[in-house]
Amino acid sequence: AVVSTQSTGKRLPMAVEYKLHRKDDGESWGMQLRQNRLVDVIHGSIAWMAGLQPFSAQFRGEPCAWAVTQVNSVPVSILCRSTDVILKKIDGQSRDTSIIFQPSEFVTILSDSLREQPHYEDFVARS
């Protein structure tokens, strides 16, 4: 008798992905970021219509903001503090974009832990 098992692991257990589409290249996604944190979503915007809401993340049972950790399958450094770098990645694709968010409190713990390691720069995704 042959017994087979299948195991599935989720690489980003607290992440959510939003796939956004706009009709025109210049149309705003409707997200306001501060550094890598989502601080607001404009009511009625593309992001709003996709269901993205600021401060809707949960970490350890408490609400918190979302942090951008990947745009269009490209990692965003958890140490990235440049809003412009992230916005350029999001706007870089003409009409479609995919954004992965993780709870900002979780990202803060990861980045603080990473900074404690010697030569941590060698392990950071370049944004």
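Accessible areas here come from the Shrake-Rupley method with a 1.4 Å probe.

**Figure 1. Overall fold of the predicted model.** The structure shown is a predicted model. The accessible surface of the protein chain amounts to about 8,100 Å², with carbon and sulfur atoms accounting for 50% of that area. Of its 127 residues, 35% count as buried. The chain contains three helices and eight strands, arranged along the sequence as β-β-β-α-β-β-β-β-α-β-α. Among contacts between residues at least 6 apart in sequence, 68% join residues at least 24 apart.

**Figure 2. The largest nonpolar core.** This core comprises 23 residues, and those with the most contacts inside it are M31, L38, L52, V68, I90 and F101. Two or more residues each come from β1 (16-21), β2 (31-34), β3, α1 (46-49), β4, β6, α2 (83-92) and β8. Strand β6 gives the most, with three residues.

**Figure 3. Surroundings of L52.** Apart from its neighbours within four places in sequence, L52 is in contact with Y18, M31, L38, V41, A47, W66 and F101. Of these partners, M31, L38 and F101 are also listed, together with L52 itself, among the residues with the most contacts inside the largest nonpolar core.

**Figure 4. Helix α3 and its buried face.** Helix α3 spans residues 104-115 and reaches 16 Å from its first C-alpha to its last, close to the 16 Å expected for its 12 residues at 1.5 Å a residue. Its buried residues are S104, F106, V107, S111 and L114. Viewed down the helix axis, these residues fall within an arc of 155 degrees, and therefore line one face of α3. They pack against β3 (37-41), β4 (57-59), β5 (62-64), β6 (66-71) and β8 (96-103).

Conventions: Residues are numbered from 1 along each chain as its sequence is written. This is a predicted model: local features need pLDDT of at least 70, side-chain atom pairs count only at pLDDT 80 or more; totals for chains, interfaces and linings use all residues. Side-chain values use heavy atoms; hydrogens and water are left out. Helices (H or I, at least four residues) and strands (E, at least two) are DSSP runs, numbered from the N terminus. The expected span of a helix is 1.5 Å times one less than its number of residues. Buried means under 20% relative accessible area, exposed over 50%, partly exposed in between (1.4 Å probe, protein chains only). The arc is that of the directions from the helix axis to the C-beta atoms. Contact means heavy atoms within 4.5 Å. A nonpolar core is a set of buried Ala, Val, Leu, Ile, Met, Phe, Trp, Tyr and Cys residues joined through side-chain atoms within 4.5 Å.
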